[in-house]
Amino acid sequence: MSDLNTALGDQEWSLDEQYKWLIQGAKGHDVCADERKIFNLCRANPIGSVIDPEICLTKAENFHNCFNNKVTQKDSTECKAKFDQVMKCAKTNDGKWFSSGACQEIFNTYSRC
């Protein structure tokens with residue numbers, strides 16, 4: 001089991017699924033940065049983390065909706081083609097594309113899509 005599979009739980013994930021989640025997670029980190037920061041700040045507060053986590057529910061929903069609407073939605077044909085280019089680059093670079101920066105320009109184009 002790979003490190004990513006371990007992080008995602010007991011389910012086995014194919015290499016394509018691992019790349020897909022990594023790419024979408026990185027895009028979500030970029031395009032939903034404000035929603036993520038607001039949610040994280042709420043959860044970092046003792047009231048939002050220990051005393052009453054429900055106080056962060058609206059912020060969590062906003063973050064989830066951003067990710068769902070801007071990242072995992074059905075891509076247009078143009079965006080799908082850009083995603084496929086990132087996947088191809090990731091496979092060509094044996095998964096080291098993220099740390100080496102080998103596919104950064106292609107990813108940036110997809111992330112803006």
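A contact means heavy atoms within 4.5 Å. Keep that in mind. In this protein, residues 24 or more positions apart account for 58% of the contacts with a separation of 6 or more.

Some ground rules. This is a predicted model, where local features need pLDDT of at least 70, side-chain atom pairs count only at pLDDT 80 or more, and totals for chains, interfaces and linings use all residues. Residues are numbered from 1 along each chain as its sequence is written, and side-chain values use heavy atoms, with hydrogens and water left out.

Confidence next. pLDDT is the predictor's confidence in each residue, from 0 to 100. The protein averages 84, and 87% of the residues score at least 70. Helix α1, residues 3–8, has the lowest confidence, with a mean of 52. The highest is in α3, at 94.

Now the overall layout. There are eight helices and zero strands. Both are DSSP runs, numbered from the N terminus: helices are H or I, at least four residues, and strands are E, at least two.

What about burial? Buried means under 20% relative accessible area, exposed over 50%, partly exposed in between, with a 1.4 Å probe and protein chains only. Of the 113 residues, 27% count as buried.

On to the core. A nonpolar core is a set of buried Ala, Val, Leu, Ile, Met, Phe, Trp, Tyr and Cys residues joined through side-chain atoms within 4.5 Å. The largest one here has twelve residues: Y19, I23, A26, F83, V86, M87, C89, A90, W97, C103, F107 and Y110. At least two residues each come from α2 (15–31), α6 (77–92) and α8 (104–111). The largest share, five residues, is from α6.

Look at W97. Leaving out residues up to four places away in sequence, W97 touches Y19, L22, I23, V86, C89, A90, A102, C103 and F107.

Then there is K82, in helix α6. Buried or exposed? K82 counts as buried, because its relative accessibility is 18%. With the residues up to four places away not counted, K82 touches I106, T109, Y110 and C113.

Last, a helix pair. α2 packs with α3, residues 33–44, at an angle of about 85°, with the axes 5 Å apart. Axes are lines fitted to C-alpha atoms, for helices over the stretch in contact, and angles run from 0 to 180 degrees between N-to-C directions. The two helices are therefore roughly perpendicular, a label for 65 to 115 degrees. G28, H29, D30 and V31 in α2 meet A33, E35 and R36 in α3.

Note on methods
Angles under 35 degrees count as roughly parallel, over 145 as roughly antiparallel, 65 to 115 as roughly perpendicular and the rest as oblique.
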